[in-house]
Amino acid sequence: MTKKKNLLKEYRSKRHFDKTKEPRGNKVKKHKEPIFVIHKHDARNLHYDLRLEDEGVLKSWAIPKGPSTDPKDRHLAMQTEDHPIEYAEFEGVIPESEYGAGPVMIWDYGTFKNLKEGSLSNNLKKGEIAIWLDGKKLKGGYALIKTKYQDRDNAWILLKMKDDEAKTDYEILEKEPKSVVSNCTLEEISKKLKKCKLKKYKS
Ligand code: MN
């Protein structure tokens with residue numbers, strides 16, 4: 001069994017790929033510059049999923065309050081199972097009674113740079129990640145810091161670093177609610193409107 005298969009074991013065990021259109025993750029794809037994606041996902045609760053390319057998969061965090069452009073905000077980010085690289089291109093509806101049932105939107109995507117010494121995986125193990133995002137919406141430095149929260153061992157804090165891209169009076173989630181690939185709202189995606197069909201989009 002390859003390393004990649006091991007990383008996706010939990011992801012695959014939670015899903016039925018004959019029912020959901022989410023990718024199983026068969027391609028090994030490594031981008032020249034690592035990519036990130038932020039999904040807006042209305043499952044049991046609306047949340048945002050930040051995913052960072054590393055080790056041929058997408059390291060993932062569920063962020064109930066979503067990302068912010070304000071360095072004062074400290075938003076909880078719960079690390080979840082690694083997702084396949086192809087998930088960066090997934091937008092659609094996870095069917096009822098399946099894991100994570102509900103609409104999923106590509107709220108933002110782009111590339112990122114690791115701002116810390118050492119590999120991202122290593123920094124992840126240490127519980128301190130610093131990255132520079134170059135997305136369609138989010139830009140600038142962000143940090144993910146591992147934290148103690150209700151005895152959970154997967155709790156992190158996402159925060160915007162102080163730099164020229166920081167904005168203190170800008171509610172980005174409200175001002176920019178639509179998909180960066182289909183230009184649809186989450187409601188339109190959930191209705192599976194024709195106009196929300198993804199055209200040629202490659203992460
Ligand atoms: Mn999610």
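H47 has a relative accessible area of 13%, so the residue counts as buried; buried here means under 20% relative accessible area, with a 1.4 Å probe and protein chains only. D49 is buried as well, at 5%.

Before I go on: this is a predicted model, where local features need pLDDT of at least 70, side-chain atom pairs count only at pLDDT 80 or more, and totals for chains, interfaces and linings use all residues. Residues are numbered from 1 along each chain as its sequence is written, and side-chain values use heavy atoms, with hydrogens and water left out.

Both residues belong to the metal site. The manganese ion is coordinated by H41 through ND1, H47 through NE2 and D49 through OD, at 2.1 to 2.3 Å. Donors are N, O and S atoms within 2.8 Å of the metal (3.2 Å for Na, K and Ca), and as water is not among the atoms, sites may look incomplete. The spacing of the donor residues in sequence is H-x5-H-x1-D.

Now the cavities. What is the volume of the largest cavity? About 50 Å³. A cavity is a set of points on a 1 Å grid over the protein atoms alone where a 1.4 Å probe fits but cannot get out, and lining residues have an atom within 4 Å of a point. Points are joined across faces, edges and corners, and the volume is the space filled by probe spheres set on them.

The lining of the largest cavity includes I38, L50, P67 and Y142. The second largest cavity holds about 30 Å³ of space, and its lining residues are S68, D70, D73, H75, L158, L159 and K160.

Key. Buried means under 20% relative accessible area, exposed over 50%, partly exposed in between (1.4 Å probe, protein chains only). On a 1 Å grid over the protein atoms alone, a cavity is a set of points where a 1.4 Å probe fits but cannot get out, and a pocket is an open set with protein on both sides within 12 Å along at least five of seven lines; lining residues have an atom within 4 Å of a point.
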